[in-house]
There are 2 protein chains.
Amino acid sequence: MESSVVVQLFLAIGLIIAGAQLAGAGARRVGQPRVFGELLAGVILGPTLLNMLEWNVFDEETISGMTHTLEEMAELGVLFLMFAVGLEVHLRELLSVGKVAVWGGVLGAALPVVMGMPVVLAFDYNIEAAVFVGVVLAATSVSISAQTLLELGVLRTKEGVGLLATAVIDDILAILLLSVVMATMGSDTDASAGELVWIFVRMVLYLGGALAVAWFVLPRLFNWLHRQRQLASGTAAFALVAALIFGWGAEALGGVAAITGAFVAGMGLSQANERVHDQIVETVQAISYSFLVPIFFVNVGLHTDLLQIGLDMVPLAILLIVVAAISKVAGSGLGARLGGFTNRESFRLGVCMISRGEVGLIIAALGLANGLLNEELFEPVFLVILVTTVMTPPLVRWVFRERSEKEQQPALATDTTQV
Amino acid sequence: MESSVVVQLFLAIGLIIAGAQLAGAGARRVGQPRVFGELLAGVILGPTLLNMLEWNVFDEETISGMTHTLEEMAELGVLFLMFAVGLEVHLRELLSVGKVAVWGGVLGAALPVVMGMPVVLAFDYNIEAAVFVGVVLAATSVSISAQTLLELGVLRTKEGVGLLATAVIDDILAILLLSVVMATMGSDTDASAGELVWIFVRMVLYLGGALAVAWFVLPRLFNWLHRQRQLASGTAAFALVAALIFGWGAEALGGVAAITGAFVAGMGLSQANERVHDQIVETVQAISYSFLVPIFFVNVGLHTDLLQIGLDMVPLAILLIVVAAISKVAGSGLGARLGGFTNRESFRLGVCMISRGEVGLIIAALGLANGLLNEELFEPVFLVILVTTVMTPPLVRWVFRERSEKEQQPALATDTTQV
């Protein structure tokens, strides 16, 4: 069947989006998070099962060009995804549970790094690999637990709001850790002391500058844009521009991960006035969730053959899963306790933080692309992300099982449903 | 400045979207259509003026990969754009001005081909080139005139509704013409008679099958999808899948242009129930107008150096512009007259049809990509598209100048504002 390169790309993207949506819906049907289904779609369409890219509707000579485009669209998806996450950060509201969030976030990010590194080192990997796996384990996917709490009708409780705030701090720390790791352990690993200092100065300068621009300039600029007759209809398009330029600037000017820049831009724009904010969120969500993000999730599976995972990797994978769960419950739980939660509340919050979901995957995929994580080590890490994502919803239901309707308390924050 | 390939792509897309939005808003401000501004943004960012892709923020060795990705995203943009056009076709409503639309559409598409071909042949081009330029001239961009009529408050008049219906027929014919030309004059030009018959049989079979599926299956399928708890949120994503798969099928199965398939899919889904339709339109518009379509418009300019246009091409360009305008006014005008409009109404409708806009550009760009239009001939054709797009709004204002508020008649159709 002769067909041009671009229509083969159309077919591939069509299959990817359809697979992601069907698997996502199937996952929800059996009480699993949608993200898990979308990841599974990649595994099913990839070399592990159907090996879609080898079908004879795709010409062999066009595959490399196509995977290149898919790869770049996946990266655009991640950029917009992190921008969308930033847009939902309401710093002021989160301050109401500030102490829990700061302690829970810091310890919830630190403990997985501290506990994960020795495990990786014990399996004879070098220090760079160990640090990077630690950073992946530091991630938390708030969306998965938030969705479960929403279904249980307990999102607007003390634990629910605490979870949202803690996960934000955890996100920020994980991304910062990633940025530091990428800046110092990137392609030129033999940086001199002077270069290291310059890397850090540059990073701090960029982050300071970007935060200041995002916080003070972006909301005002976009509120103004929205009042201009001819420019108003382009408000959402300009928001994409902000995400793209901040993302570029993060890497090209600051030497940090592009997603950090997009996240910072989103955080700034979360303060724009409500109509502007809603218009931006709607467009970004349409582009991300219906189009680019499925490409990201499925694309990971297209490059992973779970059947090829070495038997010798299984003990490492199992150990990492155990460490991932325990370190998060212990770290975030202890932090919440220090922040003033009761033992039971702290334990619940810790359990909600277990799933690594899309944030862990973003970090792992970046590591793979930058050579900080080799393919051999990527597969157990991918399994850790899958398993922690799947185990969290039932665990959350279990720890909240005694919480009946009458026990529900009023929410601390007033508007936290948009996760 | 070292930076990875993908963040250079982020920067390029950011600049493209920003340029398109700013130029589009600027164009509207001086009473010109937005499309003209977006095309101009490409000319400004391209080799004619700023030559963006040669800036030293982009590495020389990454440019080819980047232009490849931009090219494919532009094609995705066109696909979704034609899908969006199909979604706005309300066949039943258009039947109320059926005779005007059919006569106006047929003559409005035929006359430019008939009058354009001899001009191109007179300049020593071969018959293939002449036919292809004719097909480009057969196109009409309804959005530009519709926008002008909307501003003048006369869109819901006899002429306005007649224009919308005529432009739809014209669109369908132009795309069909394009499909026939591409199927018969594509890469293997030396097709035998038997092969030609097979090409046509295959095309008719595909179009019949695709229309039947789009018309009878898609609306029911999507209404059903929208009622399923877990699938409902994916309705818009599945609509993208339909556009992509129909687009792929058009070329791979039917040998016709991919945009024809997307257009047919959109036409079918225009009958889904209102909530489903609105959800799809919103998502497709967000992805198209804020993200992919600007990439398409600007990308054309990035590959066009208007300063390099040969002096010997100027007479051809001028002649083609004159022919483009006269043939459309005469063809559509005569058709409308045959359909029952008065002389004045027919003339007004004809003038509204002059602009080639995005539809002409889509066809021209496809011809360039398929080698049916060489670069030398592309530049005068691009100028024709630019000039007819720019001259239409003032002409429309001029022919409607005597139409005062009190003269306005009630609309024939009830819902034609969403163009």
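Before I look at any crossing, I need the handedness rule: a crossing is left-handed if the near helix is turned anticlockwise from the far one by less than a right angle, and right-handed if clockwise. I also keep in mind that this is a predicted model.

**Entry 1: the whole interface.** How many residues of chain B are in contact with chain A? I find 43 of them, touching 43 residues of chain A. On the chain B side, the elements that give two or more residues are helix 1 (5-29), helix 3 (63-87), helix 10 (235-252) and helix 12 (274-302). Helix 1 of chain B has the largest share, with 13 residues. The chain B side divides into 25 nonpolar, 12 polar and six charged residues.

**Entry 2: symmetry.** I laid chain B on chain A and got an RMSD of 0.0 Å, with a turn of 180° and a shift of 0.0 Å along the axis. That is the relation of a two-fold axis. I also checked the interface residues: 100% of those in chain B are interface residues in chain A too, so the copies meet through the same surface.

**Entry 3: a pair inside chain B.** Next I took helix 5 (residues 98-122) and helix 8 (residues 158-185) of chain B, whose axes come within 8 Å and cross at roughly 45°. Helix 5 of chain B and helix 8 of chain B are therefore oblique to each other. Helix 5 of chain B passes helix 8 of chain B in a right-handed crossing. Among the contact residues I noted Gly104(B), Gly105(B) and Gly108(B) on helix 5 of chain B, and Ala165(B), Ile169(B) and Leu173(B) on helix 8 of chain B. By class, this contact has 11 nonpolar, five polar and one charged residues.

**Entry 4: one residue.** Is Ala146(B) buried or exposed? It sits in helix 7 (residues 142-152) of chain B. I count Ala146(B) as buried, because 21 other C-beta atoms lie within 10 Å and the cut-off for buried is 20 or more. Its C-alpha atom is separated by 7.5 Å from that of Leu164(B), 18 residues apart along the chain.

Note on methods:
Residues numbered from 1 in each chain as written. Chains lettered and ligands numbered in written order. Predicted model: local features only at pLDDT ≥ 70, side-chain atom pairs only at ≥ 80, totals over all residues. Contact = placed C-beta atoms within 7 Å. Helix = DSSP H or I, 4+ residues; strand = E, 2+ residues; numbered from the N terminus. Nonpolar A, V, L, I, M, F, W, Y, C, P; charged D, E, K, R; others polar. Least-squares fit on C-alpha atoms with pLDDT ≥ 70 in both. Axes fitted to C-alpha atoms, helices over the stretch in contact; angles between N-to-C directions. Parallel < 35°, antiparallel > 145°, perpendicular 65-115°, else oblique. Buried ≥ 20, exposed ≤ 12 C-beta atoms within 10 Å, placed from the backbone.
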